[in-house]
Amino acid sequence: MTSNTRVVVIGAGLAGVRLARRLGELGTPVTLIGDEEHRPYNRVLLAEVLAGRYSPDVIALPAPAELTRARVTGIDRQARTVECADGSKIAYDRLVLATGSNPVLPPLRGLFTPDHVLPEGVHAFRTMDDCLGLSKAVRPGVKAVVIGGGLLGVSAARALAQRGAQVILAQQSERLMERQLDPSASKLVRRHLGDLGVEVHTDLRVRDVRCVGGAVRSVEMADGYALDADLVVLACGVHPRAGLAQAAGLDVRKGIVVDDELRTSDPYIHAIGDCAQHDGTVYGLATPALEQAEVLAELLAGRAHARYTGTRSLTRLTLPGQSAFDLAAFGETEPRPGDDVVQLTDATRGTYRKVVVRDDRLVGGVLVGELGTVGALARAWEGAEPLPDDGPLLHLLTNDGGS
């Protein structure tokens with residue numbers, strides 16, 4: 001690829017910014033297009049802005065100079081241009097879609113006004129604007145209902161509680177963060193939220209959002225029970241933002257399908273981050289997005305050997321403050337028949353450590369509380385090498401292993 005190759009990146013989130021910066025360092029000019037008014041920021045830290053711990057400036061990303069603020073409305077693959085809402089066109093030789101994901105808005109009665117906007121007091125929690133809108137609305141004593149008990153819902157509920165809100169978290173499944181945590185670790189998360197005054201309800205399906213005068217007043221459960229609400233936060237997950245790719249005729253399944261060179265079905269268009277589906281997987285996490293950005297930067301800078309072969313990603317949630325809480329989860333946290341499990345629990349200190357071993361290989365683990373061992377465990381898991389025979393698991397669980 002020549003030095004005057006025009007690389008255009010759509011999306012100024014973690015993946016897009018990392019790619020643009022790396023391309024700049026490698027001497028490849030790039031145009032980064034972002035559709036938010038704010039400086040690019042680290043979405044992972046929005047809950048800390050909501051909690052009042054950080055200002056928006058603190059979570060800003062060091063964006064490259066060549067940042068164009070525009071909303072892309074279409075891709076002309078024949079002409080190799082992207083079309084923007086203001087009528088302008090930007091030419092590319094290589095196009096990268098780093099469009100991220102959109103919040104899942106559940107099919108609840110009353111969720112939208114006749115104008116198809118969310119009622120006053122109902123907020124998604126995905127963007128800086130969502131975060132700032134919530135920050136403005138929350139005050140001590142306000143009644144807030146968080147719908148969704150995954151990573152995002154837990155973070156939002158905790159942040160609102162730290163701002164003095166009366167928070168109820170409603171989770172449809174039987175436990176919090178069920179995708180990452182086993183039942184024991186999930187109970188510790190629930191206990192932590194309870195200590196902050198968050199009322200947690202699991203196995204609870206929300207059916208209806210009740211509004212008066214265009215503003216939310218309550219949410220109704222499937223069993224008919226109603227919860228008063230001044231604020232409702234929708235934390236029901238995300239789905240890849242793939243509309244541009246779909247309209248352009250690219251292969252889109254769960255996300256925008258890419259190969260090991262992060263190419264879509266059009267060899268001049270790539271995709272990375274939350275919007276991309278590689279080898280059947282849409283990760284929706286920061287670590288894979290950053291790894292994909294690094295690999296694609298190498299490829300676009302002419303280093304043809306680079307390949308992306310997937311990420312074995314570790315979920316880590318650090319909730320700082322007076323009532324600090326740390327957890328990490330990786331791999332398969334629930335054992336299959338025949339697996340070996342080593343588990344250490346200290347109820348007094350609120351710590352929990354568990355690893356799952358299959359055929360002498362570490363296949364997963366969960367740690368809550370002190371995470372000094374997480375580095376050594378993650379390295380053993382990522383390496384996928386047989387564990388030594390000299391009883392290393394207790395050592396890994398009880399020592400920091402040099403991490």
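Modeller: Two rings of Phe, Tyr or Trp, the six-membered ring being used for Trp, are taken as a pair if their centres lie within 6.5 Å. Please keep in mind throughout that this is a predicted model. By that rule the count comes to one aromatic pair. The partners are Phe 330 and Trp 381, whose ring centres are 5.1 Å apart and whose planes stand at 45°, so the pair is tilted; planes under 30 degrees apart would count as stacked, and planes over 60 as edge-to-face. Phe 330 belongs to strand β22, which covers residues 325–331, while Trp 381 belongs to helix α8, which covers residues 374–383, so the pair ties together parts that are 51 residues apart in sequence. Both Phe 330 and Trp 381 are buried.

With a relative accessibility of 16%, Gln 180 counts as buried, because buried means under 20% relative accessible area. Residues up to four places away in sequence being set aside, Gln 180 touches Leu 151, Thr 315, Ala 329 and Thr 333. Gly 224, by contrast, is 44 residues from Gln 180 in sequence and 30 Å from it in space, C-alpha to C-alpha.

The next part is a helix packing. Helix α1, made of residues 14–25, and helix α7, made of residues 286–300, pack at an angle of about 30°, with their axes 8 Å apart. That angle makes α1 roughly parallel to α7, since angles under 35 degrees count as roughly parallel. The crossing in which α1 passes α7 is right-handed. On the α1 side, the residues that meet α7 are Leu 14, Ala 15, Arg 18, Leu 19, Arg 22 and Leu 23. On the α7 side, they are Ala 286, Ala 289, Leu 290, Ala 293, Glu 294, Leu 296, Ala 297, Glu 298 and Leu 300. Sorted by class, this contact of α1 with α7 holds eleven nonpolar and four charged residues, and no polar ones.

Asp 203 has a positive phi of about 55° although it is not a glycine, and it lies in the loop between β12 (199–201) and β13 (206–212). At 58% relative accessibility, Asp 203 counts as exposed. Asp 360 also has a positive phi, of about 65°, although it is not a glycine, and it is found in the loop between β24 (351–358) and β25 (361–368). Its relative accessibility is 49%, so Asp 360 counts as partly exposed, because exposed means over 50%.

Asp 340 lies in strand β23, which comprises residues 340–346. Not counting residues up to four places away in sequence, Asp 340 touches Val 355, Val 356 and Val 357.

Two further positions show residues that are separated along the chain. Leu 132, in helix α3 (residues 128–137), is partly exposed, with a relative accessible area of 33%. In sequence Leu 132 and Leu 50 are 82 residues apart, but in space they are 7.3 Å apart, C-alpha to C-alpha. Leaving aside neighbours within four places in sequence, Leu 132 is in contact with His 38 and Pro 56. Thr 113, for its part, is placed in the loop between β8 (101–103) and β9 (122–124). Thr 113 and Gly 214 are 101 residues apart in sequence, and 7.2 Å apart in space, C-alpha to C-alpha. When residues up to four places away in sequence are not counted, Thr 113 touches Leu 118 and Pro 119.

Notes: Residues are numbered from 1 along each chain as its sequence is written. This is a predicted model: local features need pLDDT of at least 70, side-chain atom pairs count only at pLDDT 80 or more; totals for chains, interfaces and linings use all residues. Side-chain values use heavy atoms; hydrogens and water are left out. Axes are lines fitted to C-alpha atoms, for helices over the stretch in contact, and angles run from 0 to 180 degrees between N-to-C directions. Helices (H or I, at least four residues) and strands (E, at least two) are DSSP runs, numbered from the N terminus. Angles under 35 degrees count as roughly parallel, over 145 as roughly antiparallel, 65 to 115 as roughly perpendicular and the rest as oblique. A crossing is left-handed if the near helix is turned anticlockwise from the far one by less than a right angle, and right-handed if clockwise. Contact means heavy atoms within 4.5 Å. Ala, Val, Leu, Ile, Met, Phe, Trp, Tyr, Cys and Pro count as nonpolar, Asp, Glu, Lys and Arg as charged, and the others, Gly among them, as polar. Buried means under 20% relative accessible area, exposed over 50%, partly exposed in between (1.4 Å probe, protein chains only).
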